[in-house]
Amino acid sequence: MSHHPFRNVAVYLHEGTGAFGAGIVSEIFGYDRRARGLPGFDFAACTDRPGPVVTDGGLRLLVEHGLDRLAEADLVLVTSWEHFDVEPSPEALAAIRTAYERGATIAGHCTGTYVLAAAGLLDGLRATTHWRWADAFAARFPDVKLVPEVLYVDEGRIVTGAGAAAGVDMCLHLLRREYGAAVANGIARDMVVPPHRDGGQAQYVAAPVPADCDDERLAEVLGWAREHLHLPLTVEVLAGRALMSQRSFARRFAAATGSTPHAWVLSQRLHRAEELLETADLPIEEVARQVGFGTAATLREQFVRRRGIPPRAYRKAFAT
């Protein structure tokens with residue numbers, strides 16, 4: 001977490017780049033939301049030689065900036081790299097390395113992580129990529145500790161994300177990390193997407209769309225749990241509300257969310273604690289009570305373990 005969050009954001013686009021990924025980053029960082037009290041970014045799309053770039057779906061984008069603009073950004077994003085058998089240009093790799101050496105954060109998602117690996121930035125680090133390309137990536141870059149099943153991996157100034165819509169999760173994670181939960185949630189609300197999916201959540205959930213009434217009951221229980229974080233939310237309590245046995249509930253829960261009930265409740269409590277620390281002038285003890293941690297000591301212990309800093313330091317950094 002930095003005290004000077006990134007403002008200057010550049011995305012690297014190239015021939016065959018994914019239109020979906022390009023759309024995600026321009027929607028999140030290129031759209032001006034300052035009138036709604038959200039931060040604005042100096043956003044630029046960059047390519048090897050300024051001019052038209054044709055995306056994977058045949059859209060022609062006119063990219064105005066070259067690699068010099070990329071090299072001076074605080075945050076460099078690399079979206080999908082369409083042709084796995086084609087090496088990124090030495091100039092592009094050099095510009096990405098220059099930005100990193102200057103102190104920039106470098107984030108790649110989907111097969112864009114291939115470009116970060118080709119630049120040598122992922123050696124010895126954990127990283128992820130689109131599940132479909134995980135085996136090919138691992139074979140090509142054996143020095144990278146690939147974590148193929150997760151949505152995104154945060155290694156400090158290097159962040160990697162899984163395929164397609166996980167680019168949204170990765171970008172919201174970067175915003176949350178640098179600007180706090182209120183800003184990330186505000187932009188998520190604007191985009192009509194869930195405010196936060198944990199990076200460790202499974203990329204591939206068997207049934208993202210409710211398949212039957214059991215799944216709809218499960219969705220209702222999750223909504224109820226978010227509103228009642230102050231209560232003891234044991235598997236017994238949640239399964240009872242869902243009218244399922246505990247075993248059946250735990251199985252359905254894992255299939256629908258890619259997480260365990262305990263891990264999900266813990267992450268909801270931490271997210272709510274972050275929001276309260278930022279936006280409400282409540283004593284730490286009261287924040288702990290409202291989110292279901294009971295005591296300030298328990299909140300502090302969980303917060304430090306999961307977020308790396310104590311609640312008071314988080315509040316000081318992000319309070320609005």
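In which strand is Ile106 found? Ile106 belongs to strand β6 (residues 105–109). Before the details, please keep in mind that this is a predicted model, in which local features need pLDDT of at least 70 and side-chain atom pairs count only at pLDDT 80 or more, while totals for chains, interfaces and linings use all residues. Residues are numbered from 1 along each chain as its sequence is written, and side-chain values use heavy atoms, with hydrogens and water left out. Helices (H or I, at least four residues) and strands (E, at least two) are DSSP runs, numbered from the N terminus.

1. **Ile106 and its surroundings.** Ile106 is buried, with a relative accessible area of 0%; buried means under 20% relative accessible area, exposed over 50% and partly exposed in between, for a 1.4 Å probe and protein chains only. Not counting residues up to four places away in sequence, Ile106 touches Val76, Ile96, Ala99, Tyr100, Leu116, Leu121, Arg157, Ile158 and Val159, where contact means heavy atoms within 4.5 Å. Asp74 is 32 residues from Ile106 in sequence, and their C-alpha atoms are 8.5 Å apart in space.

2. **Leu62, for contrast.** Leu62 is found in strand β4 (residues 60–63) and counts as exposed, at 69% relative accessibility. Leaving out residues up to four places away in sequence, Leu62 touches Gly51 and Pro52. Leu62 and Pro50 lie 12 residues apart in sequence and 7.8 Å apart in space, C-alpha to C-alpha.

3. **Arginines over rings.** Two charged ends deserve a look. The charged end of Arg157 sits over the ring of Tyr100, 4.1 Å from its centre. Both Tyr100 and Arg157 are among the residues that Ile106 touches. The charged end of Arg241 sits over the ring of Trp224, at 4.1 Å from its centre. The criterion is that NZ of Lys or CZ of Arg is within 6 Å of the ring centre and within 35 degrees of the ring normal.

4. **Aromatic pairs.** How many aromatic pairs does the structure hold? There are 12, counting rings of Phe, Tyr and Trp (its six-membered ring) whose centres lie within 6.5 Å; planes under 30 degrees apart count as stacked, over 60 as edge-to-face and the rest as tilted. Phe41 and Tyr179 are edge-to-face, because their ring planes stand at 90 degrees, with the centres 5.7 Å apart. This pair links distant parts of the chain, 138 residues apart: Phe41 is in the loop between α1 (19–29) and β2 (42–46), and Tyr179 is in helix α6 (residues 166–179). Phe41 and Tyr179 are buried. Ring pairs also link Phe6, Phe29, Phe41 and Tyr179 into a cluster.

5. **A stacked pair.** Is the pair of Trp81 and Tyr114 stacked or edge-to-face? The pair is stacked, at 6.4 Å centre to centre and 15 degrees between the planes. Trp81 comes from the loop between β5 (75–78) and α3 (90–101), and Tyr114 from helix α4 (residues 113–118), 33 residues apart. Trp81 is buried, as is Tyr114.

6. **Helix α7.** Helix α7 (residues 181–191) is largely enclosed by the rest of the structure, because eight of its 11 residues are buried. The buried residues of α7 are Ala181, Val183, Ala184, Asn185, Gly186, Ile187, Ala188 and Met191. Their cover includes α1, α6, α11 and α14 (311–318).

7. **Backbone points to check.** Val192 lies in the loop between α7 and α8 (213–227) and is exposed, with a relative accessible area of 73%. Ala164 has a positive phi of about 50 degrees and is not a glycine either. Ala164 lies in the loop between β10 (158–161) and α6 and is partly exposed, with a relative accessible area of 36%.

8. **Packing of α11 on α13.** The axes of helix α11 (residues 261–279) and helix α13 (residues 296–307) come within 11 Å and cross at roughly 100 degrees. The contact is made by Leu266, Leu270, His271, Ala273, Glu274 and Leu277 of α11 and Leu299, Gln302, Phe303, Arg306 and Arg307 of α13. Axes here are lines fitted to C-alpha atoms, for helices over the stretch in contact, with angles from 0 to 180 degrees between N-to-C directions.
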